[in-house]
Amino acid sequence: MTAQQDIRADTWAVAGRTFASRLIVGTGKYKSLEENAAAVGASGAEIVTVAVRRVNISDPKQPMLTDYIDPKKVTYLPNTAGCFTAEDAIRTLRLAREAGGWNLVKLEVLGEAKTLYPDMRETLRATETLVKEGFEPMVYCVDDPIAAKQLEEAGAVAIMPLGAPIGSGLGIQNRVTIRLIVEGANVPVLVDAGVGTASDAAQAMELGCDGVLMNTAIAEAKDPVLMARAMKAAVEAGRLAYLAGRMQKRRYADPSSPLAGLI
Amino acid sequence: MATNNTLQIRVNGEQRDVTDGLSISEMLGEIGLDPRKVAVERNLEIVPRSTLGQVCVEDGDTYEIVHFVGGG
């Protein structure tokens with residue numbers, strides 16, 4: 001089987017929905033809606049995250065995201081970015097469900113503005129309520145295997161640990177805990193936040209993650225559309241490397257050419 | 001206080017006068033919004049899209065009208 005066929009057959013599923021692309025991209029921070037749509041196209045993403053905000057009632061005819069990225073072709077994953085309490089997040093997602101008509105959502109409850117680190121107590125509380133109300137929350141969380149387990153027990157349909165703070169582009173800071181989360185999870189694990197460049201995305205996939213979610217790494221690249229292509233390739237490369245099974249590391253050199261027959 | 005023909009409501013944090021006797025769907029139309037593209041919360045309760053045409057706007061109502069925008 002060729003690598004291309006392999007990638008196409010290698011799907012993943014969350015809450016009963018199957019996807020071929022393992023890259024989820026955000027739709028914030030772009031210079032224009034046109035650029036945003038072009039980057040989503042280049043990334044090959046089948047899911048995009050979106051925010052829920054007040055309509056500008058003094059200028060109701062402003063162009064809308066849905067005019068540029070068709071929710072019938074790309075799955076909109078409404079998120080709760082900017083929410084600092086479980087109540088705010090739940091309220092936002094109830095509105096999102098009404099706006100979109102589906103239950104698959106991304107929950108994030110933030111602890112403080114400086115680090116945008118998740119508040120896990122509030123996150124867990126919100127997860128429990130959302131699940132009771134029939135939502136299927138994919139949950140942004142700390143890179144802590146115990147917290148990840150607790151979220152899964154509460155009904156999270158995907159665990160999404162941060163690689164580094166949101167928008168920092170610092171790359172995966174703790175590969176050990178990401179790997180432990182992957183090993184312990186029975187639901188998909190996606191690194192959400194912290195990816196800065198293509199190698200970070202590949203690394204997340206090499207650790208066995210089911211996918212990667214990113215926004216700033218693409219939107220703030222000098223050429224976002226080109227970076228979107230790079231991320232697509234990186235996620236596929238990382239996934240293939242994970243499936244292929246990497247070689248063992250050695251302390252010293254080991255020649256690639258045979259020693260026998262040397263002149 | 002509302003006059004005979006208008007009601008005073010709050011929409012997305014702003015005070016607004018609207019015609020008396022409108023459904024929420026008609027009120028959205030008066031503002032210039034497409035009811036199919038937004039979600040409506042009335043006095044902290046979600047109004048299902050299917051009932052926007054039936055629920056009447058009442059004096060003193062507080063509305064949050066939201067839609068999807070770009071975000072992470």
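Among the contacts in chain B of this predicted model between residues at least 6 apart in sequence, 45% join residues at least 24 apart. The secondary structure of chain B consists of one helix and five strands. Read from the N terminus, these elements follow the order β-β-α-β-β-β.

The overall dimensions of chain B were then examined. Its C-alpha atoms fill a box of roughly 45 × 25 × 20 Å along the principal axes. The radius of gyration of chain B is 12 Å, which agrees with a compact globule, because a globule of 72 residues would have a value near 11 Å. Of the 72 residues in chain B, 40% are buried. The accessible surface of chain B is about 3,600 Å², and carbon and sulfur atoms account for 46% of this surface.

In soluble globular proteins, nonpolar side chains tend to be buried together. The largest nonpolar core of the model has 66 residues. The residues with the most contacts inside this core are A:Val48, A:Leu107, A:Ile159, A:Val195, A:Met214, A:Ile218 and A:Met231. Helix H4 of chain A, residues 86-100, gives the most to this core, with seven residues. A second, separate core has 19 residues, including B:Leu28, B:Ile31, B:Val57 and B:Ile65.

The surroundings of A:Ile159 were also listed, leaving out residues up to four places away in sequence. A:Ile159 touches A:Val139, A:Cys141, A:Ala148, A:Leu151, A:Glu152, A:Ile181, A:Val187, A:Pro188, A:Val189 and A:Leu190.

Terms used. Residues numbered from 1 in each chain as written. Chains lettered and ligands numbered in written order. Predicted model: local features only at pLDDT ≥ 70, side-chain atom pairs only at ≥ 80, totals over all residues. Heavy atoms only, no water. Helix = DSSP H or I, 4+ residues; strand = E, 2+ residues; numbered from the N terminus. Rg over C-alpha atoms; globule rule 2.2 N^0.38 Å. Buried < 20%, exposed > 50% of the residue type's maximum accessible area, 1.4 Å probe, protein only. Contact = heavy atoms within 4.5 Å. Areas by Shrake-Rupley, 256 points an atom, 1.4 Å probe, with all protein chains shown as cover. Core = buried A, V, L, I, M, F, W, Y, C linked by side-chain atoms within 4.5 Å.
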